[in-house]
Amino acid sequence: DGRDDWEPLCRAQGSFYLPKGKKLQLEIAKDRRVDLSLLKRIPTGLLFSIDASGSKITDEDAKKLSAVSGLKELDLSGTPISSTAVEALKNMGTLEKLWLDNTLVDDNCVPSLIALNHLKKLSLEGTKLNALALESLKKDLPATTEIVV
């Protein structure tokens, strides 16, 4: 269940073979901007998780992330994204876990988060959401959604 439970397979360069029965997580480089436009070419359901925590991802990059079909987990913690990025993610209907810790998201992202109605875990530590917005999330997301603040 933890974000650090992944074992490295290979660098995301060229072709590689995914061992049968394994879930694939893409870890975005932390030290430089990365062109995410190629993500739309990844077949539906191939990527299980994207770890972009601590990366230089922007609100504009989030639009490219939303092109990944079948994604279950997305970690955007510690990135400079705002509620505009969350708006771009609202149609990721398969997303089950989303980490937005220590980002610039605020109350404006609440409707977009509520649209992610398959969330099982939503982490919002260190964000700018006020108590009313958090209460709205608790009320409008499924009762089974774990909200970490």
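The model described below is predicted. K40 sits in the loop that runs between β1 (24-27) and β2 (47-51). The protein as a whole contains four helices and six strands.

**Overall layout**

- The protein has 149 residues, and 41% of them are buried.
- Among contacts with a separation of 6 or more, 52% are between residues 24 or more positions apart.
- The accessible surface of the protein is about 8500 Å². Carbon and sulfur atoms contribute 50% of that surface.

- K40 has a relative accessible area of 61%. Exposed means over 50%, so K40 counts as exposed.
- K40 and V68 are 28 residues apart in sequence. In space, the C-alpha atoms of K40 and V68 are 5.8 Å apart.

**T127, in the loop between β5 and α4**

- T127 also lies in a loop, the one between β5 (121-123) and α4 (131-140).
- The relative accessible area of T127 is 18%. The limit for buried is under 20%, so T127 counts as buried.
- The side chain of T127 reaches the backbone oxygen of L124, at a distance of 2.9 Å.
- When neighbours within four places in sequence are left aside, T127 is in contact with L100, N102, T103 and V105.

**The second largest cavity**

- The structure has two cavities of 30 Å³ or more.
- The second largest cavity has a volume of about 50 Å³.
- Its lining is made up of I28, R32, R33, V34, L36, S55, K56, I57 and D61.
- Sorted by class, the lining of the second largest cavity has four nonpolar residues, four charged residues and one polar residue.

**Points to check in the structure**

- Which backbone oxygen does the side chain of T127 reach? It is the backbone oxygen of L124.
- How many polar residues are in the lining of the second largest cavity? There is one.

Methods
Residues are numbered from 1 along each chain as its sequence is written. This is a predicted model: local features need pLDDT of at least 70, side-chain atom pairs count only at pLDDT 80 or more; totals for chains, interfaces and linings use all residues. Side-chain values use heavy atoms; hydrogens and water are left out. On a 1 Å grid over the protein atoms alone, a cavity is a set of points where a 1.4 Å probe fits but cannot get out, and a pocket is an open set with protein on both sides within 12 Å along at least five of seven lines; lining residues have an atom within 4 Å of a point. Grid points are joined across faces, edges and corners, and a volume is the space filled by probe spheres set on the points. Ala, Val, Leu, Ile, Met, Phe, Trp, Tyr, Cys and Pro count as nonpolar, Asp, Glu, Lys and Arg as charged, and the others, Gly among them, as polar. Helices (H or I, at least four residues) and strands (E, at least two) are DSSP runs, numbered from the N terminus. Buried means under 20% relative accessible area, exposed over 50%, partly exposed in between (1.4 Å probe, protein chains only). A polar contact is a pair of N or O atoms within 3.5 Å; within protein, one must be able to donate a hydrogen and the other to accept it, and residues adjacent in sequence count only if both atoms are side-chain atoms. Contact means heavy atoms within 4.5 Å. Accessible areas come from the Shrake-Rupley method with a 1.4 Å probe; for residues, only the protein chains shown count as cover.
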